[in-house]
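Okay, everyone, thanks for coming. Let me put the model up, and then we'll walk through a few bits of it.

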Amino acid sequence: MSENVDTTQAPRKIGPPRSRISRLLESRQLGWVALAGAVLAPFVTATPYALNVMTTAAIFVMLASGLNIVVGYCGLLDLGYIAFMAVGAYTAGIISRSFDLPLIFTIPAVLVMTVLAGLIIGAPTLRLRSDYLAIVTLGFGEITRITANNLAITGGPSGIFGIPGLLKFGNFDMQEPAVLYYVTVLVVAVFVLASARLGKSRLGRAWRFVREDEDAAEAMGIHTYKVKLLAYIFGAIWGGLGGVLFAAHLSAVSPQSFIFLQSALVLMAVVLGGMGNMRGVVIGALVISLGPELLRNLAANRYLGFGLLLVVVMVFRPQGFWPARGYEPERRTVGADDAAVVRAEG
Amino acid sequence: MTAILEVKDLQIAFGGVRAVDGLSFSAHEREIIAVIGPNGAGKTSAFNCITGFYRPTSGSVLINGLDTTGKRPADIAAVGVSRTFQNLRLFPDLTVLDNVRAGMHLYGGQNWADAIFHTPRFKRSEAMYTEEAHRWLDFVGFEGARGIPVRNLSYGQQKRVEIARALARKAELLLLDEPAAGLNYSEKQQLLALCRRIRDLGTAIVLIEHDMGLVMELSERIIVMNFGREIAVGTPAEVKANPAVIEAYLGKDDEGAQSNGDA
């Protein structure tokens with residue numbers, strides 16, 4: 001094969017960035033560093049207020065990592081994501097109150113209910129794309145909240161109170177704020193890892209193929225509707241279990257917790273952090289959940305300040321803090337040698 | 001010899017326009033068939049019917065003896081059909097390797113639980129994906145970085161990646177929609193050699209192409225379409241001499257007879 005038609009020499013620099021900082025950021029150990037940070041945080045400040053804020057932030061990370069599957073990986077704009085959290089929180093709350101069960105035993109029921117919710121929201125929207133999908137999911141989110149607001153079993157506008165803790169035996173009570181914080185961090189860490197791993201698998205690639213070009217994915221034998229439904233189901237499970245943690249944390253569930261603003265905030269965390277990149281999404285979620293708390297000394301103006309900050313970030317970094325990069329390692333040296341041999345022979 | 005692809009009296013109409021109007025042909029193992037015809041003759045519509053992107057109004061498509069008429073594209077792909085698109089349809093933000101991995105979706109050997117728990121099966125499967133992707137990229141003669149987003153590549157390179165992706169599907173039938181469009185002379189020569197190597201794998205190739213030099217040199221059989229109908233079929237030499245073909249391409253006038261003689 002003649003070499004003079006080689007079109008591989010693109011003029012731009014197209015390799016992956018190779019600075020020391022970016023290598024550090026891409027390293028596998030970063031997850032452990034982040035977990036260590038979360039574990040050590042209570043040693044810096046462990047006031048009830050701080051633990052409350054940190055637990056809320058951890059739950060928020062869980063939600064963002066779930067929405068990242070739907071929006072980031074699969075490209076399905078979901079404006080009603082908080083509905084899944086509502087389904088999880090209400091299911092857990094109602095069952096544990098009715099049977100006086102610790103929340104942890106409600107998880108199988110929560111999984112069933114959230115998967116069902118994922119199917120119910122996913123199935124009719126499979127043919128919709130972008131704007132239309134956004135409107136329908138927005139509607140589903142509001143329907144869920146309004147339903148909860150009007151049913152007797154969900155306690156109406158005042159919701160459900162006095163939900164038992166996650167688990168209690170002997171002197172060990174998971175409702176201790178510090179214990180609950182660590183349990184939450186552990187659960188969230190596991191699910192963030194699971195979400196990241198899903199993203200780098202056959203299914204995760206299929207989600208991206210669907211996001212990038214549905215027809216081409218279909219032509220390669222990918223059942224786009226199955227793949228999209230799976231994205232909804234996984235997103236729903238993450239959201240539902242986030243709801244269980246939420247119910248455990250507040251020991252109360254009410255419709256006001258599931259307003260559209262919450263869906264918008266989770267979506268904002270995903271977009272701000274960098275769609276499709278789990279690490280970026282975790283950072284985005286932390287910024288969105290901790291930001292208003294850190295700006296507390298701005299008093300009444302803190303949401304104004306926070307809003308301005310978000311606008312500035314989006315203007316200067318529209319792709320998010322840390323977007324998914326389409327780079328991966330080149331072939332290992334052995335393979336490269338083989339290729340060189342082939343080229344020399346050719 | 002059993003046919004890999006059998007199209008019988010295929011018709012598709014959009015409103016009143018009959019894009020494909022009674023097309024029949026078949027393709028066999030190790031055969032290269034070209035579908036040619038003026039723009040709007042219904043070539044791509046026929047491809048879209050075969051691959052399930054359009055539902056034919058009537059007629060049937062058999063692949064490996066299985067009736068796939070009106071099935072979903074993904075199901076038809078699973079039966080053993082792979083295709084490229086007229087305008088590149090790659091996944092622009094994904095890496096070259098990921099694009100090729102798309103073709104291997106159907107024989108991955110891992111599920112979501114394997115992915116979450118990183119089972120040995122998952123690791124084997126991922127290693128297989130990467131190795132196979134490199135192998136197909138080598139096969140199509142793709143040189144250059146493979147870990148970068150495909151949007152950073154030149155057009156010619158992207159075309160190769162698309163063919164590699166289609167090959168990675170390991171289908172018995174490969175449909176190429178204008179593979180030579182936008183390629184320069186030497187790239188076309190490479191494409192020619194590549195198509196022959198693909199045929200030698202045992203694959204049947206059906207291609208739509210406007211480059212007559214390439215078509216005449218490459219294909220064993222040519223199907224000429226115009227206004228949705230097959231107006232001629234035969235070896236390159238037969239088609240070249242067919243007056244109906246010359247009329248379709250050059251129009252009918254006194255000169256027609258003369259150019260017929262020249263060909």
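So, in which hand does helix 3 of chain A cross helix 12 of chain A? Helix 3 of chain A passes helix 12 of chain A in a right-handed crossing, meaning the near helix is turned clockwise from the far one by less than a right angle. Helices here are DSSP runs of H or I, at least four residues, and strands are runs of E, at least two, numbered from the N terminus.

Quick housekeeping: this is a predicted model, where local features need pLDDT of at least 70, side-chain atom pairs count only at pLDDT 80 or more, and totals for chains, interfaces and linings use all residues. Residues are numbered from 1 along each chain as its sequence is written, with chains lettered from A and ligands numbered from 1 in the order in which they are written.

Now, the chains: 40 residues of chain A are in contact with 48 residues of chain B, contact being C-beta atoms, placed from the backbone, within 7 Å. Helix 8 of chain A gives the largest share of chain A's side, seven residues.

Over in chain B, four strands make an open sheet, order 2-1-4-5, with antiparallel pairing; a pair needs at least two DSSP bridges. Strand 2 (17–28) and strand 5 (66–67) of chain B are at the edges with a single partner strand each, so one side of each has no neighbour in the sheet. Strand 4 (residues 58–63) of chain B pairs with strand 5 of chain B over two bridges, and Leu62(B) sits opposite Asp67(B) in strand 5.

Note on methods. Two residues are in contact if their C-beta atoms, placed from the backbone, lie within 7 Å.
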